[in-house]
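Welcome! Please take a moment to look at the sequence and the 3D view before reading on.

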Amino acid sequence: MNKITKRALSGLALAGAASLVLAGCAAAPDASETAVEQLDYLACAVSDEGSWNDKSFNQSVYEGLTKSRDELGVQIQDAESTSPDDFAPNLQAMIDASCDLTIAVGFNLVDAVNAAAEANPEVNFVTIDGWSNGATNLKPVGYSMNQSSYLAGYLAAAQSTTKIVGTYGGMQIDAVVDFMTGYYYGAMAWGADNDTTVKVVGWDPAKEKGDFIGDFTPNSGTSKAIAAAQLQAGADVLFPVGGDQFGASSEAITESGVDARIIGVDKDIANTSPEYADWILTSAEKRMTSAVYDIIKAIAVDGQAFSGDYYIGTLENGGTALSAITNYTGAQSQADIGAKLEELKAGIISGDINPLG
Amino acid sequence: MNADSQPTTWSTAAKEIVSGGAFRAFLSVILGFIVGALFMVFSNEAFLNALSYLTARPTDALGAGWTAISDGYLALFRGSIYNYQADNFVAAMRPITETLRFAGPLIAAGLGVALGFRVGLFNIGASGQILFGALAATWVSTRMTLPWGVHLVVAAAVAIAAAAAFGALVGFLKARTGAHEVIVTIMLNYVAAGLLTFFFRQDYLLREADGGGTPKSDAPAETAQLPTLFGDSFTLHAGFLLALVGVVIYWWLMERSTIGYRFRMVGHNIDAARTAGVNVSRTFVYAMAASGAFVGIAAVNQALGARAGLTPDLDGSIGFDAITVALLGSSTGPGVLLAGLLFGAFKAGAPAMQVIGLSPEVTGVVQGFIVLFIAAPPLVRAIFRLPPPQKSTVIADWWVGLRKKKVAK
């Protein structure tokens, strides 16, 4: 080792030691009061295998939980699952921790949360994307994602220059297919309005056949291969429905050289994943953060009784919505298409338009 | 003896790792817990905050560090052995029953991997054998109607037979073609996972009756479910008893039976065994079949211990945890039993640790370091070609010297 590196290293070591000593010299804090009044209400959540930072529905729920803690002053606890073996023990841990409300995230937990609700009638549960087998202390939360996806499909067809738009899913399950079906009919509706033939690749609701990755692994090679194949088939707007697939889609777009757009799902990905901002057209949001917040607020703050009624997020109650439009370069002006989307939204809310065909 | 079968540094290391003594295992566990404690301290927010004013008020950092460790391990205790905070008997006793429930498949699969180690085979395919066994068990438990009692026995027997056959296939390929069992078992893990997913996805095969596109099976028929041991308040089921029976059979097989003697001979020195007249190829097939059969007990636990439908990841991490269980248990029956109970406790305690805000990875870190401490000394020696450690004679010399002095007097 030559002298210079030795000196540089000792200098580095000195700086490191100094920073440690300096760091240790800060004044001790005094006991301070917390800003929000603390409530005696314990809200808890158990994730599925996706973990709380999945940039998708687990994360949305967790943000709802932390928002409730910060703004309402409720106490929170949480547990992540790493395998199906963890679902029941994690829910049990929440019951043992005397949680007032336990949120089970994802349809994978539906059996475990139904069993837990039946065995513990004094504890309240919420199942996101699941259903209740009849227990009154279990509230299912679901979303009519076809409504916002219909708007997304309409916008996609307006944006597309080839008039071919693509979509693919994580797995062929109801919670995913709902997006894709709405998207399909939305794109078809634009074609009918403008006397143009629009083609949707990746999903055919009539035949129930389409492109699926097979799992929800973020940005897998399969995901990229499907995206590349759809671009090859002429699609220039992609709607990947499977959590975080935006990296795979954007890579496929970059490599193909097509001037294509991505439509996000679950969250406004222009906010949550700004690294993909160049390709994002809009997002079909599943606003679980606000649903979780509202449910906790209604009970813990407003003093309402817990009900096992189904909560369905729709365009009407704001549970689902289309995010702000960016990177729009379609033939119609953005103002025109924006006005048209508002008109469609009103039509869906009033029931005049059926986003499922 | 031909040249290439001279015991190499590597094979010595491998033998040393899988036959590590009880004392070394115990020390490794202690060291693992110490590393886990450090992990908890240095991931603790209160401790890190207090560290920034260490010189102004050092008690804060020390206190926070101590609280982090004691809270963490007390939560592990509450979650895995006895919940002293519970307000009723059932809740207080549930943790220990959960530990036993999680330990069942770990012990069974650990025995399977341990048997392979004793024969000199690395069975990395426990996960695939569990999936294949569970596939067979699920077919019997959801697609066949049999009377109470018979149904369970048939389903369990079919699962064990299927897992044994899946294992025997590996032994056959090794014996016939010389294919390395590590490669074959890893590849068969993928085969089993793909096959199971395919079966669980097709409605004409094993998909749940009113399910959507999710690959998921029906819940096993009530006649085929492993009965619970202490009523409906506890989920502990008879699968744990099966694992205990497995431990006894394993002990008898390896320590008392003729075939077990052949297994050990082959594991100890394959050439000597061949010279002594042991049919080595056949022993490989039998050993892998026996290994698969023990893993099959884990498949029974997972497939028939469930009360709800199964998903393709039903094996969890058991297949790989089994390797660590076998290593920690020194590949002996009682050792695997104790190691399985320890790792079962880790699994059962993880939710309680999460509730107090510890990341679930802590127990994984502890688990990993335990194995590292067991495997590392021989590995390090093998990498740097160091000689095996000399047994210390300091105390003996001193003792002998003392005696001599006395005699001289």
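## About the model

This is a predicted model, in which local features need pLDDT of at least 70 and side-chain atom pairs count only at pLDDT 80 or more, while totals for chains, interfaces and linings use all residues. Residues are numbered from 1 along each chain as its sequence is written, and chains are lettered from A and ligands numbered from 1 in the order in which they are written.

## Meet the two chains

Chain A has 11 helices and 14 strands, whereas chain B has 16 helices and 0 strands. Helices (H or I, at least four residues) and strands (E, at least two) are DSSP runs, numbered from the N terminus. Along its principal axes, the C-alpha trace of chain A spans about 70 × 70 × 40 Å. For chain B, the C-alpha atoms fill a box of roughly 85 × 70 × 40 Å.

How many of the residues of chain A count as buried? Of its 357 residues, 50% do, and in chain B buried residues make up 48% of 409. A residue is buried if 20 or more other C-beta atoms lie within 10 Å of its own, exposed if 12 or fewer, and partly exposed in between, with C-beta atoms placed from the backbone.

## Where the chains touch

The contact takes 23 residues from chain A and 29 residues from chain B. Two residues are in contact if their C-beta atoms, placed from the backbone, lie within 7 Å. On the side of chain A that touches chain B, strand S2 (75-79) and helix H3 (87-96) of chain A are the elements that give two or more residues. The largest share, 4 residues, comes from H3(A).

By class, that side of chain A has 12 nonpolar, 6 polar and 5 charged residues. Here Ala, Val, Leu, Ile, Met, Phe, Trp, Tyr, Cys and Pro count as nonpolar, Asp, Glu, Lys and Arg as charged, and the others, Gly among them, as polar.

## A pair of helices

Two packed helices are described by the angle between their axes and the distance between the axes. Helix H5 (residues 145-159) of chain A and helix H6 (residues 174-193) of chain A pack at an angle of about 40 degrees, with their axes 6 Å apart. Axes are lines fitted to C-alpha atoms, for helices over the stretch in contact, and angles run from 0 to 180 degrees between N-to-C directions. That angle makes H5(A) oblique to H6(A); angles under 35 degrees count as roughly parallel, over 145 as roughly antiparallel, 65 to 115 as roughly perpendicular and the rest as oblique. The residues of the contact of H5(A) with H6(A) divide into 15 nonpolar, 8 polar and 1 charged.

## The largest nonpolar core

Which residues touch the most other members of the largest nonpolar core? Of its 209 residues, they are Tyr154(A), Ala187(A), Ala137(B), Ala159(B) and Ala163(B). A nonpolar core is a set of buried Ala, Val, Leu, Ile, Met, Phe, Trp, Tyr and Cys residues joined through C-beta atoms within 7 Å. Helix H12 (residues 280-304) of chain B provides the largest share of this core, 15 residues.

Most residues other than glycine have a negative phi. Asp266(A), not a glycine, has a positive phi of about 70 degrees, and lies in strand S11 (residues 261-266) of chain A. Asp266(A) counts as buried because it has 27 C-beta neighbours inside 10 Å.

Asn327(A), also not a glycine, has a positive phi of about 60 degrees. Asn327(A) is found in the loop between strand S14 (320-322) and helix H11 (334-350) of chain A. With 15 other C-beta atoms within 10 Å, Asn327(A) is partly exposed.
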